[in-house]
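Biologist: Could you put the model up and take me through it?

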Amino acid sequence: MDIVVCVKQIPDPADPGELDPETKTLKRDMKLIMDESDSYGVEMALQLRDAAGEGEVTLVSMAPNEEVNGLRSALAMGADKAILVSDEALAGTDALGTARVLAAAIGRAQADLILAATESSDGYTGTVPEQVAELLSLPSVTFAKEIQADGGEVVVKRQTEDGYDEVRCPLPAVVSVTAGVVEPRYPSFKGIMAAKSKPMDQVGVADLGISADQVGWAGGGQEITDVSPAPEREAGEIVTDEGDAHEAIIALLEELRIV
Amino acid sequence: MGTIWVYAEASGGKVASISLELLTRARQLADTVEAVVGGDGEPVAGELGAHGATTVHATGDLGDGLAGPAVASAIASAIEAGAAPDAVLFGTTYDGRDVAGRLSVKLNAPVITNIVELEQADGALVGTEPVFGGTVNVSTRFNGSGVGLFLVRPKSFAAEESGGGPAAVSALPVPELGATGAARVVDRFAEESSGPKLDEAGVVVSGGRGLGEADKYSMIEDLANLLGGAAGASRAIVDAGWVPYSHQVGQTGKVVKPDVYVACGISGATQHMVGMKGSKNIIAINKDAEAPIFGIADLGVVGDVHKVLPKLIEALQARG
């Protein structure tokens with residue numbers, strides 16, 4: 001089974017982000033890492049490939065600055081190769097533009113199944129997987145907590161408000177994977193070394209037949225009218241537990257007429 | 001503003017609270033508010049009408065198909081045939097995101113996502129989205145001429161009835177979907193839960209990594225039961241497999257705004273705070289006096305959840 005996994009490379013969440021004062025979009029000029037949300041899709045892809053006993057896992061990513069650090073992490077986990085779309089024109093690209101680029105790049109790989117996270121940790125629009133599916137005229141199942149291959153179909157447990165639905169979907173298809181549903185493996189030392197020599201196909205937007213004005217902030221069709229600090233919520237009373245802090249909690253609950 | 005369409009979701013004939021919230025806000029902004037339903041319109045026409053929809057455009061039963069491609073295609077066809085909503089509002093839900101994503105490609109229009117405030121300025125809708133864990137608000141408008149698509153987070157607006165009569169039901173045909181409609185729901189499973197729903201409860205008690213191990217989550221459930229509330233969780237312990245995803249509060253997961261939120265052993269990652277900082281009152285218990293959660297807590301207890309919670313539970317049980 002040949003699987004494409006969309007991987008986003010983001011600023012380290014432990015390192016708070018900033019908005020570019022000029023464009024008001026997220027600054028991405030620092031070292032980027034693989035979005036942890038994508039590690040679940042990578043793990044699922046590796047498991048499906050290994051269960052099928054054949055096929056390749058190809059990573060697809062887009063970044064304005066030729067960043068490969070996050071892709072190397074996923075290759076070290078065991079993915080076979082990567083396609084990186086890197087182009088200055090991509091800076092500030094919104095979700096629909098991102099989906100266009102990813103869909104075109106996915107078209108360069110042979111894929112039975114395309115996996116993505118349900119949303120990224122930094123932008124969290126949560127629309128890209130479905131946009132990619134529509135651009136490729138493919139069926140899709142979002143919010144998967146489990147995927148099993150069954151002949152030319154996948155059987156997906158899709159999260160719902162009340163529980164989950166079991167969905168059968170013919171391949172090729174796009175499936176988005178919810179964070180936390182599998183335990184992503186740690187790369188082995190051997191995997192880390194092997195990742196350095198795995199194929200990395202780097203292309204620009206023109207190589208994908210996309211013109212520069214369809215991507216980037218200008219291609220987005222929206223404008224930011226205001227950026228302002230959110231009203232802050234103030235800290236209240238702090239007590240240190242000396243064995244009786246539960247009484248302070250009960251007193252507040254009484255005041256609020258909860259008990 | 002002329003007309004706003006609201007994608008309305010329903011389960012068992014009851015309209016989702018997010019959809020009623022959207023209708024309420026839409027009628028404050030537009031002259032005409034109409035609902036779009038992926039399913040039969042008649043069972044929900046009364047409730048949608050009572051919240052301001054004059055018409056419900058209903059696809060009819062979708063059978064075992066998913067809402068995303070069907071509803072998006074139906075809306076796109078209607079617009080191609082001359083319907084002209086100025087904007088379509090969706091809740092940030094499983095199906096809402098699917099429909100909005102598909103429709104955005106069909107209309108070649110971006111979606112403005114994670115909206116918590118929606119206002120009118122110079123004749124255009126402006127959506128406001130919190131970023132960086134809710135510390136900064138970014139407001140965005142469309143500068144194109146097409147339909148404005150907005151994905152709105154639950155609990156952003158209060159649902160209020162308008163006193164309107166039932167909405168008129170109008171057929172919204174679903175075109176032939178081809179490959180995009182090939183996914184089929186073969187079975188549906190409801191997870192058992194007792195007590196109020198997480199996003200509707202007046203009290204939410206959540207546990208995090210500070211609980212130390214999965215077994216200790218029972219303290220969270222006990223306390224939630226005693227307070228008539230729902231049990232929530234941080235992403236850390238959902239990812240660790242201690243509790244199902246349906247309990248997750250945060251950016252990924254549920255947004256809750258209860259009267260009282262009790263955070264137990266949760267440090268307050270931005271991912272979590274986005275989902276609960278709108279709570280009216282916040283009580284936090286954490287060992288680490290420097291935990292960010294204390295920065296937004298009305299009552300912060302610096303202490304060990306393994307000591308504080310058993311005493312709290314015992315004291316509440318003793319009150320009966």
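This is a predicted model: local features need pLDDT of at least 70, side-chain atom pairs count only at pLDDT 80 or more; totals for chains, interfaces and linings use all residues.

Biologist: How many helices and strands in chain B?

Modeller: Chain B has eight helices and 18 strands, taken as DSSP runs (helices H or I, at least four residues; strands E, at least two) numbered from the N terminus. Its radius of gyration is 21 Å, close to the 20 Å that the globule rule gives for 320 residues, so chain B is as compact as a globular protein of that length. The radius is taken over C-alpha atoms, and the rule is 2.2 Å times the number of residues to the power 0.38.

Biologist: What does the C-alpha trace span along its principal axes?

Modeller: About 65 × 45 × 40 Å for chain B.

Biologist: Now the open sheet. What's the strand order?

Modeller: In chain B the order is E7-E11-E6-E1-E4-E5-E12, with parallel pairing; two strands pair if DSSP finds at least two bridges between them.

Biologist: Which strands stand at the edges?

Modeller: E7 (111–115) and E12 (168–171) of chain B; each has a single partner strand, so one side of each is left without a neighbour in the sheet.

Biologist: And how many bridges between E5 and E12?

Modeller: Strand E5 (residues 55–58) of chain B pairs with E12(B) in the parallel sense over four bridges. Ala58(B) has Ala171(B) as its bridge partner in E12(B).

Definitions and conventions: Residues are numbered from 1 along each chain as its sequence is written. Chains are lettered from A and ligands numbered from 1 in the order in which they are written.
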